[in-house]
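Hi everyone, thanks for having me.

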Amino acid sequence: MSEKRRDNKNRVLRNGESQRKDGRYMYKYNNENGEAKYFYSWRLDKNDPTPVGKKRELSLREKIRKMEEDKLAGLLPGASNTTVLELVEKYVSLKTGVRHNTEANYRFVINIIKKEPFGKMRIDRVKQSDAKAWLIKLQKDGRGYSTIHTVRGVVRPAFQMATDDDLIRKNPFEFQLATVVVNDSVTREAISRADMRKFLKFVEEDKHFSRYYEGFYILFHTGLRISEFVGLTINDIDFREMKIHVTHQLQRKRNMEYIIEDTKTSSGTRDIPMTSEVAECFRRIIDKRPKAKVEPMIDGYSGFLYLDKNEKPMVALHWEKYFQHVVEKYNGIYKIQMPKITPHVCRHTFCSNMAKSGMNPKTLQYIMGHSDIGVTLNTYTHLTFDDAKEEMERLAKA
């Protein structure tokens with residue numbers, strides 16, 4: 001009968017257990033593919049002390065017991081050694097055919113995780129309290145609520161994938177974000193009609209910015225997304241039927257590559273009615289449009305309304321900067337300050353103005369290209385007491 005194997009403390013070692021020359025314990029097993037895998041620990045049993053200078057961890061037999069419990073629960077043995085960063089990278093790698101904005105968001109989140117100790121944690125050791133503590137840390141480090149919302153929007157489904165794949169028992173990110181971090185994001189409110197008129201008058205009379213007046217006016221009076229607006233070509237403006245054909249959007253990637261994408265949602269593909277004032281703005285833009293030496297063509301589209309100094313189509317960033325500079329110039333002149341205005345504020349202002357004017361919510365939903373009526377109806381919740389009073393008085397006279 002063969003002699004039983006023992007460790008340096010004369011304890012009998014079980015099947016698969018062994019002790020290396022440096023004193024470290026090892027457990028060998030085969031995974032579901034028949035491949036040899038190993039566990040290591042400086043302690044055989046939970047009652048063993050941790051050697052001086054070594055990091056405290058589970059004993060070898062505690063690790064073996066956990067693996068056996070995971071097997072009973074249907075979890076894959078050893079697969080949970082995956083780190084948070086590795087999990088998120090795998091999740092992102094499976095997201096093919098996404099829009100370039102979504103792809104940029106994925107890269108942004110991965111870059112954040114790479115810098116965080118949390119990214120090096122094994123996914124099987126992440127508890128819900130760890131997940132919450134990490135998000136709180138991100139906010140304390142100066143990350144805004146919207147950034148944290150974006151991060152969680154990638155990490156949570158990544159952990160759900162690990163749960164579905166039987167790598168972990170429970171998704172630690174299944175909680176309401178607002179119960180953990182403070183929503184300090186600034187809501188992009190619509191500006192008043194008075195401020196809109198002041199802004200447009202200032203632009204119209206300014207020597208430099210007046211060249212963009214028509215674009216500003218159109219954004220305030222159509223509800224177009226900025227990516228839709230910059231993607232418009234001459235052929236998309238139907239002066240005969242007085243409508244704007246919105247079928248695509250223009251984007252510029254980080255590497256300065258220009259691409260045409262479908263509208264944000266299927267509801268985003270639509271025809272927007274033009275007022276005579278909006279139509280006149282489009283006519284002036286087309287009339288003033290300089291003839292390019294080489295007409296730029298992006299994915300088969302040409303005839304873009306605005307070109308930059310390099311004869312490339314203007315993109316969202318151009319207009320965001322124009323709005324910023326106009327407001328800064330206005331506020332440098334006048335004591336009563338103009339609020340922050342962005343292309344999205346224009347869109348929200350148009351939506352709010354239409355709601356205040358009594359436009360049917362379903363009609364407004366169509367014009368805005370909202371796939372969810374709830375998004376449109378949220379605009380109606382921003383109406384004031386004066387709006388309610390005016391509406392009641394109007395109905396009383398009807």
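Let's start with a term: a salt bridge here is a side-chain nitrogen of Lys or Arg within 4 Å of a carboxyl oxygen of Asp or Glu. And keep in mind that this is a predicted model.

Take Glu62 and Arg43. They form a salt bridge, with 3.6 Å between the closest N and O atoms. Glu62 sits in helix H1 and Arg43 in the loop between strand S3 and H1, so the pair ties together parts 19 residues apart in sequence. Both Glu62 and Arg43 are buried.

How many salt bridges does a search of the whole structure find? It finds 23. Another one joins Arg289 to Glu295, where the closest N and O atoms are 2.4 Å apart. Arg289 counts as buried, at 16% relative accessibility, while Glu295 is partly exposed, at 33%. There's also a network: Glu214, Glu280, Arg283, Arg284 and Lys288 are joined by salt bridges that share partners.

Now over to helix H12, residues 361-368. Its buried residues are Leu364, Gln365, Ile367 and Met368. They cover an arc of only 165° around the axis, so they end up on the same side of H12. After H12 comes Gly369, with a positive phi near 75°.

Last stop: Thr263, in the loop between strands S7 and S8. Is Thr263 buried or exposed? Buried, with a relative accessible area of 3%. A polar atom of its side chain lies 2.8 Å from the backbone oxygen of Thr265.

Technical notes
Residues numbered from 1 in each chain as written. Predicted model: local features only at pLDDT ≥ 70, side-chain atom pairs only at ≥ 80, totals over all residues. Heavy atoms only, no water. Buried < 20%, exposed > 50% of the residue type's maximum accessible area, 1.4 Å probe, protein only. Helix = DSSP H or I, 4+ residues; strand = E, 2+ residues; numbered from the N terminus. Arc of directions from axis to C-beta. Polar contact = N/O pair within 3.5 Å; in protein donor to acceptor, adjacent residues only side chain to side chain.
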